[in-house]
Amino acid sequence: MHSLNAATIEIISKCNFDCIHCYLDNKNKESLTLNDWFLVISNLIKLDIKKLTITGGEPFLHNNFSEIYNFAYDCGMEINVFTNGSLLSDKIVCLFEVSPPKLISISIYGKDQRQYSEFTKVRSNVFDKVMLNVKKLQAKKINFQLGITPYKNSIDDDWIYFVSENKININTYMIPSLKWQSNLDCRLTPNEVIAVENKLKQPRKVTTTPLNYSNPDYYKKCSGGISSIFVDPKGYVSMCAINRSDQLNILSDDLDYVRVALKKENQKVKDRYFNSPCGTCKYNAGCRNCPMYSELEGDIDGRNQYLCSLLAARKT
């Protein structure tokens, strides 16, 4: 029923922003050679993967982004690109016009330059540059979506208007960084999240039909290693970007072995989840928590206390 069909490749972890909420801890310019990226994509295709997400860091910082993109496109892959939009040059826009991606997801970091500087620690006027680049994509009719993560002291009537006017999707869950919770001082409280959702008229519904162990809808919550995989800048392959490991390499390991090993890893994570308070909660289908989020939150018993509190706030 579920088989591998999607992959995310993080072609570089380096970024031109230093965002206060970022979950990546070790950002550098290390990356595979261009030929190795060609081989990665070829091996993904051998694994029957047809959907590819290219991300970073900031993927446009990679010197060979265009070559990697073109190779995947020419192989017939459906491509999504995740970017902060600040380095979207005319050359790249032309590339996307000739070889259109399925979607470009652009992260927005505020309503104006002051918020951008506060959030990204970049002092140059990147806000205007990003919004100009968005208009370039619109003019060329290239498919894109905008997303924003609200943070402490950023929300006012002007912010609400900016987000609504530009049809920006909100991400209300700021996940902890991979190695320590160094990025959570700016995270909204559950009640603050609810207030933002209500102001934007985007309330979330609470689903009360629970997931059980045999329900295939579980894979909507955690498909890593089953229908999707993640490849880091060194070629190490994991079930997802959070549950990273250097145990498997898509360039050097047997691909059938990789497929089986990742399915086994998903099974281990699934077992941990359904043996935790979150997995047995009657609201687990409507909660955004995935098995790995609880571990990032540092909740010893496997409960994601933050999302638990958010769910409770949504029920009131």
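About 30 Å³ of space lies in the largest cavity. A cavity is found on a 1 Å grid over the protein atoms alone, as a set of points where a 1.4 Å probe fits but cannot get out, and lining residues have an atom within 4 Å of a point. Grid points are joined across faces, edges and corners, and the volume is the space filled by probe spheres set on the points. Which residues line the largest cavity? They are T149, P150, N171, T172, M174, R187, L188, V193 and Y306.

This lining divides into five nonpolar, three polar and one charged residue. Here Ala, Val, Leu, Ile, Met, Phe, Trp, Tyr, Cys and Pro count as nonpolar, Asp, Glu, Lys and Arg as charged, and the others, Gly among them, as polar.

## About the model

This is a predicted model, in which local features need pLDDT of at least 70 and side-chain atom pairs count only at pLDDT 80 or more, while totals for chains, interfaces and linings use all residues. Residues are numbered from 1 along each chain as its sequence is written, and side-chain values use heavy atoms, with hydrogens and water left out.

## The whole chain

The chain has 12 helices and eight strands; helices (H or I, at least four residues) and strands (E, at least two) are DSSP runs, numbered from the N terminus. The radius of gyration is 20 Å, close to the 20 Å that the globule rule gives for 316 residues, so the chain is as compact as a globular protein of that length. That radius is taken over C-alpha atoms, and the rule is 2.2 Å times the number of residues to the power 0.38.

Along the principal axes, the C-alpha atoms fill a box of roughly 50 × 50 × 30 Å. Buried residues make up 49% of the 316 residues, where buried means under 20% relative accessible area, exposed over 50%, and partly exposed in between (1.4 Å probe, protein chains only).

## Strand β4 and its neighbours

Now look at strand β4, residues 103-108, where five of the six residues are buried. On one side, β4 pairs with strand β3 (residues 78-83) in the parallel sense over four bridges; two strands pair if DSSP finds at least two bridges between them. Strand β5 (residues 144-148) also runs parallel to β4, joined by five bridges.

S105 is a handy landmark in β4: F82 stands opposite S105, and S105 stands opposite Q145 in β5. Together, β3, helix α3 (residues 90-98) and β4 make a right-handed β-α-β unit. Right-handed means that, with the strands pointing away from the viewer, the path from the first strand over the helix to the second runs clockwise.

Most residues other than glycine have a negative phi. D48 has a positive phi of about 70° although it is not a glycine, and K201 likewise has a positive phi, of about 60°. D48 lies in the loop between α1 (34-46) and β2 (51-55) and is partly exposed, with a relative accessible area of 42%. K201 lies in the loop between α7 (190-199) and α8 (218-221) and is exposed, at 75%.

Note on methods:
On a 1 Å grid over the protein atoms alone, a cavity is a set of points where a 1.4 Å probe fits but cannot get out, and a pocket is an open set with protein on both sides within 12 Å along at least five of seven lines; lining residues have an atom within 4 Å of a point.
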